[in-house]
Amino acid sequence: MTRLKVAVVGVGHLGQHHARILAAFPDVDLIGVVDANPDQAAKVAKTCRTRPFTSFESLVSLADAVSIAAPTIHHHPVAAAFLKAGVPVLVEKPICQTLAQADDLIRLAAEAGVPFQVGHIERFNPAFEELLKRPITSKFVEAERHGPYTGRSVDIGCVLDLMIHDIDLLIALVRSPVTDVQAVGAAVFGGHEDMVNARLTFASGCVAHLTASRIAARPKRRMRIWAPEGYAGIDFVTRRLHMVQQSDELRRNGLHPERMDAAARARLKDDVWGHHLEVMAVDGNRKWDQLTNELRHFLDCVKAGVTPRVTGEDGRDALAIAERILTAVRTHSWTGNPADPTGPTAMPTPAGKLFESGKDAATGAA
Ligand SMILES: NC(=O)c1ccc[n+]([C@@H]2O[C@H](COP(=O)([O-])OP(=O)(O)OC[C@H]3O[C@@H](n4cnc5c(N)ncnc54)[C@H](O)[C@@H]3O)[C@@H](O)[C@H]2O)c1
(Lines give C-alpha, C1' and ligand atoms only; values in the text may rest on other atoms or scores of the structure.)
Protein backbone atom coordinates (compact mmCIF):
# COMPACT_ATOMS: atom_id res chain seq x y z
CA MET A 1 0.00 0.00 0.00
CA THR A 2 1.41 3.41 -1.00
CA ARG A 3 1.58 5.60 2.07
CA LEU A 4 1.18 9.37 1.83
CA LYS A 5 2.82 11.96 4.07
CA VAL A 6 0.05 14.47 4.76
CA ALA A 7 0.01 17.80 6.64
CA VAL A 8 -2.95 19.87 7.86
CA VAL A 9 -2.66 23.68 8.06
CA GLY A 10 -5.20 25.32 10.39
CA VAL A 11 -6.58 22.92 13.00
CA GLY A 12 -9.37 25.00 14.54
CA HIS A 13 -13.04 24.03 14.56
CA LEU A 14 -12.96 22.22 11.21
CA GLY A 15 -9.26 21.52 10.64
CA GLN A 16 -9.01 19.39 13.79
CA HIS A 17 -11.49 17.00 12.15
CA HIS A 18 -9.43 16.96 8.95
CA ALA A 19 -6.45 15.94 11.10
CA ARG A 20 -8.41 13.33 13.08
CA ILE A 21 -9.86 11.66 9.97
CA LEU A 22 -6.60 11.75 8.02
CA ALA A 23 -4.67 10.28 10.98
CA ALA A 24 -7.06 7.31 11.02
CA PHE A 25 -6.63 6.40 7.34
CA PRO A 26 -4.36 3.33 7.09
CA ASP A 27 -2.41 4.77 4.14
CA VAL A 28 -1.63 8.16 5.72
CA ASP A 29 1.31 9.34 7.79
CA LEU A 30 0.10 12.58 9.34
CA ILE A 31 3.49 14.32 9.45
CA GLY A 32 2.30 17.42 11.28
CA VAL A 33 -0.48 19.84 12.11
CA VAL A 34 0.01 23.60 11.83
CA ASP A 35 -1.84 26.29 13.74
CA ALA A 36 -0.96 29.91 14.45
CA ASN A 37 -2.20 29.26 17.99
CA PRO A 38 0.51 27.07 19.59
CA ASP A 39 -1.85 25.65 22.25
CA GLN A 40 -4.33 24.54 19.57
CA ALA A 41 -1.53 23.00 17.47
CA ALA A 42 -0.23 21.12 20.51
CA LYS A 43 -3.68 19.90 21.57
CA VAL A 44 -4.58 18.53 18.13
CA ALA A 45 -1.10 17.07 17.58
CA LYS A 46 -1.40 15.17 20.86
CA THR A 47 -4.82 13.75 19.95
CA CYS A 48 -3.63 12.75 16.48
CA ARG A 49 -0.20 11.50 17.62
CA THR A 50 1.73 13.83 15.37
CA ARG A 51 3.98 16.91 15.60
CA PRO A 52 2.67 20.46 16.19
CA PHE A 53 3.92 23.44 14.14
CA THR A 54 3.06 27.14 14.30
CA SER A 55 4.07 27.83 10.70
CA PHE A 56 3.78 25.63 7.61
CA GLU A 57 7.06 26.41 5.81
CA SER A 58 9.13 23.49 7.12
CA LEU A 59 6.46 20.99 5.97
CA VAL A 60 6.36 22.12 2.33
CA SER A 61 9.33 19.98 1.27
CA LEU A 62 8.22 16.97 3.36
CA ALA A 63 4.53 16.58 2.44
CA ASP A 64 3.03 14.43 -0.35
CA ALA A 65 -0.27 16.27 0.14
CA VAL A 66 -1.74 19.04 2.31
CA SER A 67 -5.17 19.93 3.60
CA ILE A 68 -5.67 23.63 4.38
CA ALA A 69 -8.38 24.69 6.87
CA ALA A 70 -6.96 28.03 8.01
CA PRO A 71 -9.17 31.14 7.76
CA THR A 72 -9.99 32.19 4.18
CA ILE A 73 -7.58 35.16 4.20
CA HIS A 74 -4.70 32.64 4.46
CA HIS A 75 -5.89 30.21 1.75
CA HIS A 76 -4.03 31.84 -1.14
CA PRO A 77 -0.55 32.26 0.40
CA VAL A 78 -0.54 28.81 2.03
CA ALA A 79 -1.94 26.95 -1.02
CA ALA A 80 0.41 28.82 -3.38
CA ALA A 81 3.48 27.80 -1.34
CA PHE A 82 2.56 24.09 -1.49
CA LEU A 83 1.50 24.14 -5.17
CA LYS A 84 4.76 25.88 -6.17
CA ALA A 85 6.59 22.98 -4.54
CA GLY A 86 4.46 20.46 -6.50
CA VAL A 87 2.41 19.34 -3.47
CA PRO A 88 -1.28 18.43 -4.14
CA VAL A 89 -3.64 20.70 -2.21
CA LEU A 90 -7.10 20.41 -0.68
CA VAL A 91 -8.18 23.89 0.39
CA GLU A 92 -11.35 24.58 2.37
CA LYS A 93 -14.12 26.66 0.81
CA PRO A 94 -14.21 29.43 -0.28
CA ILE A 95 -11.19 28.81 -2.50
CA CYS A 96 -9.72 32.20 -1.50
CA GLN A 97 -10.69 35.86 -1.26
CA THR A 98 -10.50 37.11 -4.85
CA LEU A 99 -10.90 35.79 -8.40
CA ALA A 100 -7.32 36.92 -9.19
CA GLN A 101 -6.03 34.76 -6.31
CA ALA A 102 -8.18 31.84 -7.51
CA ASP A 103 -6.79 32.14 -11.05
CA ASP A 104 -3.29 32.20 -9.61
CA LEU A 105 -3.86 28.96 -7.66
CA ILE A 106 -5.42 27.26 -10.70
CA ARG A 107 -2.40 28.28 -12.81
CA LEU A 108 0.07 27.03 -10.16
CA ALA A 109 -1.72 23.67 -9.91
CA ALA A 110 -1.72 23.30 -13.72
CA GLU A 111 1.98 24.16 -13.93
CA ALA A 112 2.80 21.64 -11.22
CA GLY A 113 0.44 19.07 -12.76
CA VAL A 114 -0.94 18.07 -9.34
CA PRO A 115 -4.51 17.58 -8.02
CA PHE A 116 -6.04 20.74 -6.57
CA GLN A 117 -9.36 20.25 -4.76
CA VAL A 118 -11.66 22.79 -3.10
CA GLY A 119 -13.58 21.76 0.02
CA HIS A 120 -17.15 22.10 -1.23
CA ILE A 121 -18.10 19.30 1.11
CA GLU A 122 -21.80 19.01 0.23
CA ARG A 123 -20.84 17.53 -3.14
CA PHE A 124 -19.88 14.50 -1.06
CA ASN A 125 -23.16 14.46 0.84
CA PRO A 126 -24.69 11.05 -0.05
CA ALA A 127 -28.11 12.65 -0.64
CA PHE A 128 -26.71 15.03 -3.26
CA GLU A 129 -24.65 12.20 -4.81
CA GLU A 130 -27.87 10.19 -5.12
CA LEU A 131 -29.67 13.07 -6.80
CA LEU A 132 -26.92 13.62 -9.39
CA LYS A 133 -27.21 9.97 -10.48
CA ARG A 134 -30.72 10.72 -11.77
CA PRO A 135 -31.86 12.75 -14.78
CA ILE A 136 -33.18 16.04 -13.42
CA THR A 137 -33.60 19.24 -15.45
CA SER A 138 -33.89 21.75 -12.61
CA LYS A 139 -36.29 24.61 -13.32
CA PHE A 140 -36.82 26.06 -9.84
CA VAL A 141 -34.53 25.57 -6.86
CA GLU A 142 -34.95 26.81 -3.32
CA ALA A 143 -31.96 26.48 -1.01
CA GLU A 144 -31.89 27.35 2.67
CA ARG A 145 -28.76 27.26 4.79
CA HIS A 146 -29.22 28.55 8.33
CA GLY A 147 -26.79 28.20 11.20
CA PRO A 148 -26.41 29.64 14.69
CA TYR A 149 -23.87 32.41 15.23
CA THR A 150 -20.49 30.90 16.08
CA GLY A 151 -18.16 33.91 16.08
CA ARG A 152 -15.95 32.02 13.60
CA SER A 153 -15.24 32.93 9.96
CA VAL A 154 -15.69 36.63 10.82
CA ASP A 155 -13.17 37.47 8.08
CA ILE A 156 -16.02 36.77 5.62
CA GLY A 157 -19.82 37.17 5.57
CA CYS A 158 -22.54 34.55 5.22
CA VAL A 159 -22.34 34.52 1.40
CA LEU A 160 -18.76 33.23 1.40
CA ASP A 161 -19.25 31.30 4.66
CA LEU A 162 -22.56 29.48 3.98
CA MET A 163 -24.28 30.39 0.71
CA ILE A 164 -21.21 29.39 -1.31
CA HIS A 165 -22.06 25.73 -0.58
CA ASP A 166 -25.42 26.09 -2.34
CA ILE A 167 -23.93 28.20 -5.15
CA ASP A 168 -21.49 25.36 -5.89
CA LEU A 169 -24.28 22.74 -5.72
CA LEU A 170 -26.45 24.81 -8.07
CA ILE A 171 -23.64 25.14 -10.62
CA ALA A 172 -23.15 21.35 -10.53
CA LEU A 173 -26.90 20.74 -10.79
CA VAL A 174 -28.05 23.31 -13.35
CA ARG A 175 -24.95 23.42 -15.63
CA SER A 176 -25.94 26.65 -17.31
CA PRO A 177 -24.56 30.21 -17.11
CA VAL A 178 -26.10 32.63 -14.60
CA THR A 179 -27.70 35.52 -16.50
CA ASP A 180 -29.15 37.62 -13.68
CA VAL A 181 -28.46 38.09 -9.97
CA GLN A 182 -30.61 39.95 -7.43
CA ALA A 183 -29.93 39.95 -3.72
CA VAL A 184 -30.60 41.64 -0.41
CA GLY A 185 -28.72 41.16 2.83
CA ALA A 186 -28.25 42.64 6.28
CA ALA A 187 -25.46 42.76 8.86
CA VAL A 188 -26.88 42.22 12.34
CA PHE A 189 -23.60 42.08 14.28
CA GLY A 190 -21.73 44.55 12.06
CA GLY A 191 -18.86 44.03 9.64
CA HIS A 192 -20.13 41.58 7.04
CA GLU A 193 -23.59 40.42 6.00
CA ASP A 194 -25.15 37.88 8.41
CA MET A 195 -28.27 37.03 6.38
CA VAL A 196 -28.85 37.16 2.63
CA ASN A 197 -31.53 36.21 0.14
CA ALA A 198 -30.54 35.90 -3.52
CA ARG A 199 -32.41 35.13 -6.71
CA LEU A 200 -30.38 33.71 -9.61
CA THR A 201 -31.65 33.24 -13.16
CA PHE A 202 -29.87 30.79 -15.46
CA ALA A 203 -29.65 30.81 -19.28
CA SER A 204 -31.55 27.48 -19.19
CA GLY A 205 -34.57 29.27 -17.67
CA CYS A 206 -33.98 27.85 -14.20
CA VAL A 207 -34.60 30.22 -11.29
CA ALA A 208 -33.04 29.70 -7.87
CA HIS A 209 -33.81 31.31 -4.52
CA LEU A 210 -31.05 31.03 -1.95
CA THR A 211 -31.24 32.06 1.69
CA ALA A 212 -28.31 32.00 4.08
CA SER A 213 -28.29 33.09 7.69
CA ARG A 214 -25.62 32.67 10.32
CA ILE A 215 -27.73 34.07 13.13
CA ALA A 216 -30.50 31.44 13.13
CA ALA A 217 -31.62 29.77 16.34
CA ARG A 218 -31.56 26.32 14.76
CA PRO A 219 -29.53 24.84 11.90
CA LYS A 220 -31.32 24.11 8.64
CA ARG A 221 -29.65 23.01 5.42
CA ARG A 222 -32.02 21.94 2.70
CA MET A 223 -32.71 22.24 -1.02
CA ARG A 224 -35.94 21.76 -2.95
CA ILE A 225 -35.96 21.27 -6.72
CA TRP A 226 -38.85 21.45 -9.18
CA ALA A 227 -38.20 19.83 -12.57
CA PRO A 228 -40.20 18.30 -15.45
CA GLU A 229 -39.07 14.92 -14.14
CA GLY A 230 -40.55 15.61 -10.71
CA TYR A 231 -39.71 17.10 -7.33
CA ALA A 232 -36.62 16.44 -5.22
CA GLY A 233 -35.96 17.60 -1.68
CA ILE A 234 -32.64 17.19 0.10
CA ASP A 235 -32.03 17.57 3.80
CA PHE A 236 -28.27 17.96 4.04
CA VAL A 237 -28.32 17.49 7.83
CA THR A 238 -30.06 14.10 7.81
CA ARG A 239 -28.59 13.26 4.34
CA ARG A 240 -32.04 12.31 3.07
CA LEU A 241 -33.25 12.62 -0.51
CA HIS A 242 -37.02 12.72 -1.00
CA MET A 243 -38.46 12.48 -4.53
CA VAL A 244 -41.90 12.70 -6.10
CA GLN A 245 -42.81 11.93 -9.72
CA GLN A 246 -46.01 11.64 -11.75
CA SER A 247 -47.21 8.08 -12.32
CA ASP A 248 -47.03 6.82 -15.93
CA GLU A 249 -50.82 6.88 -16.05
CA LEU A 250 -50.95 10.51 -14.87
CA ARG A 251 -48.30 11.51 -17.43
CA ARG A 252 -50.22 9.74 -20.21
CA ASN A 253 -53.78 10.71 -19.40
CA GLY A 254 -53.67 13.62 -16.96
CA LEU A 255 -56.14 13.93 -14.08
CA HIS A 256 -59.70 14.99 -14.90
CA PRO A 257 -61.68 15.53 -11.67
CA GLU A 258 -64.45 17.22 -13.64
CA ARG A 259 -65.22 13.87 -15.33
CA MET A 260 -65.31 11.91 -12.06
CA ASP A 261 -68.37 11.13 -10.01
CA ALA A 262 -68.61 12.44 -6.44
CA ALA A 263 -67.32 9.19 -4.88
CA ALA A 264 -64.24 9.05 -7.14
CA ARG A 265 -63.52 12.72 -6.46
CA ALA A 266 -63.79 12.10 -2.71
CA ARG A 267 -61.23 9.27 -3.03
CA LEU A 268 -58.79 11.55 -4.85
CA LYS A 269 -57.07 12.94 -1.79
CA ASP A 270 -56.21 9.37 -0.69
CA ASP A 271 -55.22 8.32 -4.20
CA VAL A 272 -52.93 11.23 -4.98
CA TRP A 273 -49.97 10.11 -2.92
CA GLY A 274 -48.57 6.77 -4.00
CA HIS A 275 -50.98 6.30 -6.92
CA HIS A 276 -51.00 9.47 -9.06
CA LEU A 277 -47.84 10.87 -7.47
CA GLU A 278 -45.17 8.28 -6.72
CA VAL A 279 -42.90 8.92 -3.75
CA MET A 280 -39.44 7.64 -2.99
CA ALA A 281 -37.07 8.46 -0.13
CA VAL A 282 -33.40 7.53 -0.11
CA ASP A 283 -31.71 7.58 3.24
CA GLY A 284 -28.14 8.61 2.60
CA ASN A 285 -26.87 7.79 6.07
CA ARG A 286 -23.97 5.65 4.98
CA LYS A 287 -20.93 4.44 6.83
CA TRP A 288 -18.90 7.58 6.19
CA ASP A 289 -19.81 11.23 6.67
CA GLN A 290 -19.16 13.73 3.87
CA LEU A 291 -15.89 15.05 5.33
CA THR A 292 -14.47 11.53 5.38
CA ASN A 293 -15.76 10.99 1.82
CA GLU A 294 -14.19 14.27 0.69
CA LEU A 295 -10.77 13.57 2.26
CA ARG A 296 -10.72 9.97 0.99
CA HIS A 297 -11.55 11.19 -2.53
CA PHE A 298 -8.71 13.74 -2.37
CA LEU A 299 -6.15 11.12 -1.34
CA ASP A 300 -7.37 8.69 -4.02
CA CYS A 301 -6.94 11.45 -6.64
CA VAL A 302 -3.44 12.20 -5.32
CA LYS A 303 -2.49 8.53 -5.57
CA ALA A 304 -3.96 8.11 -9.05
CA GLY A 305 -2.82 11.57 -10.24
CA VAL A 306 -6.32 12.37 -11.47
CA THR A 307 -8.55 15.46 -11.38
CA PRO A 308 -10.73 15.68 -8.26
CA ARG A 309 -14.52 15.99 -8.31
CA VAL A 310 -14.40 19.61 -7.09
CA THR A 311 -11.64 21.42 -8.96
CA GLY A 312 -9.99 24.81 -8.55
CA GLU A 313 -12.11 25.98 -11.50
CA ASP A 314 -15.26 24.88 -9.63
CA GLY A 315 -14.11 26.85 -6.58
CA ARG A 316 -13.45 29.86 -8.81
CA ASP A 317 -16.88 29.61 -10.50
CA ALA A 318 -18.62 29.52 -7.12
CA LEU A 319 -16.58 32.51 -5.94
CA ALA A 320 -17.47 34.44 -9.13
CA ILE A 321 -21.22 33.98 -8.50
CA ALA A 322 -20.73 34.79 -4.81
CA GLU A 323 -19.05 38.07 -5.81
CA ARG A 324 -22.01 38.94 -8.05
CA ILE A 325 -24.37 38.26 -5.14
CA LEU A 326 -22.22 40.40 -2.84
CA THR A 327 -22.25 43.25 -5.36
CA ALA A 328 -26.06 43.06 -5.49
CA VAL A 329 -26.20 43.02 -1.66
CA ARG A 330 -23.86 46.03 -1.41
CA THR A 331 -25.77 48.09 -3.95
CA HIS A 332 -29.26 47.35 -2.59
CA SER A 333 -31.04 50.54 -1.53
CA TRP A 334 -33.21 50.21 1.61
CA THR A 335 -35.12 53.39 0.78
CA GLY A 336 -35.58 52.83 -2.93
CA ASN A 337 -33.29 55.82 -3.53
CA PRO A 338 -29.87 54.72 -4.79
CA ALA A 339 -28.45 58.07 -3.60
CA ASP A 340 -29.06 56.98 0.03
CA PRO A 341 -26.56 54.69 1.76
CA THR A 342 -26.82 51.11 0.40
CA GLY A 343 -25.75 47.66 1.51
CA PRO A 344 -25.86 45.32 4.49
CA THR A 345 -24.58 47.77 7.11
CA ALA A 346 -26.80 50.70 6.03
CA MET A 347 -30.18 49.55 7.33
CA PRO A 348 -32.46 52.53 8.12
CA THR A 349 -32.84 53.67 11.74
CA PRO A 350 -35.50 51.51 13.49
CA ALA A 351 -38.97 53.08 13.64
CA GLY A 352 -39.37 51.70 17.17
CA LYS A 353 -39.11 48.50 19.19
CA LEU A 354 -41.07 45.40 18.16
CA PHE A 355 -41.62 44.56 21.82
CA GLU A 356 -40.39 45.72 25.21
CA SER A 357 -37.11 44.23 26.39
CA GLY A 358 -37.25 42.71 29.84
CA LYS A 359 -37.66 39.69 31.99
CA ASP A 360 -40.55 38.30 29.91
CA ALA A 361 -38.56 38.36 26.66
CA ALA A 362 -37.98 34.79 25.43
CA THR A 363 -34.50 33.61 24.56
CA GLY A 364 -33.97 31.89 21.22
CA ALA A 365 -35.89 32.72 18.08
CA ALA A 366 -38.39 30.53 16.28
N1 LIG B 1 -16.59 22.92 4.40
C2 LIG B 1 -17.30 23.38 5.40
O3 LIG B 1 -18.45 23.02 5.60
C4 LIG B 1 -16.67 24.37 6.34
C5 LIG B 1 -17.19 24.54 7.63
C6 LIG B 1 -16.55 25.43 8.48
C7 LIG B 1 -15.42 26.13 8.04
N8 LIG B 1 -14.97 25.96 6.77
C9 LIG B 1 -13.79 26.69 6.28
O10 LIG B 1 -12.67 26.19 6.98
C11 LIG B 1 -11.77 27.25 7.27
C12 LIG B 1 -11.54 27.32 8.78
O13 LIG B 1 -12.77 27.54 9.44
P14 LIG B 1 -12.97 27.17 10.98
O15 LIG B 1 -14.41 27.32 11.26
O16 LIG B 1 -12.29 25.90 11.31
O17 LIG B 1 -12.19 28.39 11.66
P18 LIG B 1 -11.43 28.42 13.07
O19 LIG B 1 -11.21 29.86 13.37
O20 LIG B 1 -12.12 27.57 14.08
O21 LIG B 1 -10.05 27.70 12.74
C22 LIG B 1 -9.04 28.29 12.01
C23 LIG B 1 -7.72 27.92 12.68
O24 LIG B 1 -6.67 28.38 11.86
C25 LIG B 1 -5.67 28.94 12.68
N26 LIG B 1 -4.87 29.87 11.89
C27 LIG B 1 -5.07 31.19 11.67
N28 LIG B 1 -4.13 31.67 10.84
C29 LIG B 1 -3.33 30.63 10.50
C30 LIG B 1 -2.21 30.49 9.67
N31 LIG B 1 -1.70 31.51 8.98
N32 LIG B 1 -1.63 29.26 9.58
C33 LIG B 1 -2.14 28.20 10.26
N34 LIG B 1 -3.21 28.28 11.08
C35 LIG B 1 -3.81 29.48 11.18
C36 LIG B 1 -6.39 29.58 13.84
O37 LIG B 1 -5.56 29.70 14.98
C38 LIG B 1 -7.54 28.57 14.06
O39 LIG B 1 -7.19 27.57 15.01
C40 LIG B 1 -12.40 28.51 6.66
O41 LIG B 1 -11.90 28.70 5.36
C42 LIG B 1 -13.87 28.17 6.57
O43 LIG B 1 -14.52 28.86 5.52
C44 LIG B 1 -15.55 25.08 5.92
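Residues are numbered from 1 along each chain, as its sequence is written. Because the model is predicted, local features need pLDDT of at least 70 and side-chain atom pairs count only at pLDDT 80 or more, while totals for chains, interfaces and linings use all residues.

The protein chain splits into domain 1 (4-121 + 289-308) and domain 2 (124-283), with bounds that come from an automatic or database domain assignment. Taken over C-alpha atoms, the centres of domain 1 and domain 2 sit 31 Å apart. Where they meet, twelve residues of domain 1 are in contact with nine of domain 2 (contact: C-beta atoms, placed from the backbone, within 7 Å). On the domain 1 side, that makes four nonpolar, six polar and two charged residues. Here Ala, Val, Leu, Ile, Met, Phe, Trp, Tyr, Cys and Pro count as nonpolar, Asp, Glu, Lys and Arg as charged, and the others, Gly among them, as polar.

As for the ligand, 23 residues surround it, and Gly10, Gly12, His13, Leu14 and Glu92 come closest (near: C-beta atom, placed from the backbone, within 6 Å). This shell is made up of eight nonpolar, ten polar and five charged residues. Both domain 1 and domain 2 give residues to the shell, so the ligand lies between them.

Then there is the packing inside. The largest nonpolar core takes in 89 residues, and Met163 and Ala322 have the most contacts inside it. Such a core is a set of buried Ala, Val, Leu, Ile, Met, Phe, Trp, Tyr and Cys residues joined through C-beta atoms within 7 Å. Helix H6 (residues 158-174) gives the most to this core, with twelve residues. Domain 1 and domain 2 both give residues to the core, so it too lies between them. Leaving aside residues up to four places away in sequence, Ala322 touches Pro94, Val159, Leu160, Met163, Ile164 and Ile167.

Helix H2 (residues 38-48) has Ala41, Val44, Ala45 and Cys48 buried. Buried means 20 or more other C-beta atoms within 10 Å of a residue's own, exposed 12 or fewer, and partly exposed in between, with C-beta atoms placed from the backbone; helices (H or I, at least four residues) and strands (E, at least two) are DSSP runs, numbered from the N terminus. Down the axis of H2, the buried residues fall within an arc of 105 degrees, so they line one face of the helix; the arc is that of the directions from the helix axis to the C-beta atoms. They pack against helix H1 (15-24), strand E2 (28-34) and strand E3 (52-53). Asp39 and Lys46 are exposed on the face turned away from the buried side of H2.

Conventions:
Two residues are in contact if their C-beta atoms, placed from the backbone, lie within 7 Å.
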